[in-house]
Amino acid sequence: MFDLNYWPLIGIPVVVLGFALRFNPLIVVTVAGLATGWAVNLDILTLLQTFGEKFMNSRQLASFILILPVIALLERYGLQQHAKNWIAQIQSATSARILALYFIVRECSAALGLLSLGGQAQTVRPLLAPMALGAATNKHGELPKPIKDMISAHAAAVDNIAMFFGEDIFIAFGAVLLMDAFLKENGIAGIEPLHIGLWAIPTAIAALIIHLFRLSRLEAKIALAVAHYKQQEV
């Protein structure tokens, strides 16, 4: 029987308890890291060095934070309203067509490794969702909140699904490299990141077809919801 030491897992209950009590996430994660380091007998200098190395290795994540004030400033000066007004001038624009076009562009760009071209904070909230809402409002008039929430949810889903299936085609993507390393560590040879990326293409195409089919039914779903809402008003 092996004598297992469970103390290194102390960081898990610290994170769970901290989030359950709604403490600051940064403080919770830091305390969990310190507790885990203490549990494995790391001295303070080694622990600080580890924190510094991990921060430097993932410092590009901090650049995302810099985007948020810019987006907030643009929204304050009417970015969403301008997007709605612009779409309202295009008579042929519909919510489904806008979302379908974005899905295609997003998945293709993610396949090329251009993940930062879109995203929930920098594209969906300030641009895509208002454009889809503007097209629906132009066609059906003022929309009730449940229908607006439904269209916004579809806009968020388009970005998530397109990026999720598109990024696996890019051979330098972290998940692809992780799968390649895992296979090699377990003695499975002859598989390169290029092979993984190529086999991700059929899945991405299937996701594209399935989601475009879902979006083709969106306009009818919106019209039905608007008609139901108007009947309730009467």
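Read along the sequence, the protein follows the pattern α-α-α-α-α-α-α-α-α-α-α, and its secondary structure amounts to 11 helices and 0 strands. Helices here are DSSP runs of H or I with at least four residues, strands are runs of E with at least two, and both are numbered from the N terminus. The model is a predicted one, in which local features need pLDDT of at least 70 and side-chain atom pairs count only at pLDDT 80 or more, whereas totals for chains, interfaces and linings use all residues. Residues are numbered from 1 along each chain as its sequence is written, and side-chain values use heavy atoms, with hydrogens and water left out.

Of the 234 residues in the protein, 30% are buried, where buried means under 20% relative accessible area, exposed means over 50%, and partly exposed covers what lies in between, with a 1.4 Å probe and protein chains only. The accessible surface of the protein comes to about 15600 Å², and carbon and sulfur atoms account for 70% of that area; such areas come from the Shrake-Rupley method with a 1.4 Å probe, and for residues only the protein chains shown count as cover. Among contacts (heavy atoms within 4.5 Å) between residues at least 6 apart in sequence, 69% join residues at least 24 apart.

The axes are lines fitted to C-alpha atoms, for helices over the stretch in contact, and the angles run from 0 to 180 degrees between N-to-C directions.

R22, found in the loop between α1 and α2, has a positive phi of about 60° although it is not a glycine, and R22 is exposed at a relative accessible area of 78%. N41, in the loop between α2 and α3 (44-57), likewise has a positive phi, near 65°, in a residue other than glycine, and N41 is exposed with a relative accessible area of 69%. For context, most residues other than glycine have a negative phi. In the segment before α1 lies L9, which counts as partly exposed at 46% relative accessibility; the C-alpha atoms of L9 and V40, 31 residues apart along the chain, are separated by 9.7 Å.

A second pair joins α6 (residues 95-111) and α7 (residues 120-140), whose axes come within 7 Å and cross at roughly 150°, which makes α6 roughly antiparallel to α7. The contact is made by S95, I98, L99 and Y102 of α6 together with T123, V124, L128, M131, A132, A135 and A136 of α7, and it comprises 9 nonpolar, 2 polar and no charged residues.

R106, in helix α6, is buried with a relative accessible area of 3%, and, not counting residues up to four places away in sequence, R106 touches L114, L115, L117, G118, G119, D159, A162 and M163. R106 and F164 are 58 residues apart in sequence, yet their C-alpha atoms are 9.9 Å apart in space. T137, in helix α7, is partly exposed at 28% relative accessibility, and beyond four places in sequence T137 touches E142 and L143. The C-alpha atoms of T137 and K84, 53 residues apart along the chain, are separated by 8.9 Å.

Finally, E219 belongs to helix α11 (residues 218-233) and is buried, with a relative accessible area of 14%. Leaving aside neighbours within four places in sequence, E219 is in contact with T94, S95, A96, K139 and H140.

Key: Angles under 35 degrees count as roughly parallel, over 145 as roughly antiparallel, 65 to 115 as roughly perpendicular and the rest as oblique. Ala, Val, Leu, Ile, Met, Phe, Trp, Tyr, Cys and Pro count as nonpolar, Asp, Glu, Lys and Arg as charged, and the others, Gly among them, as polar.
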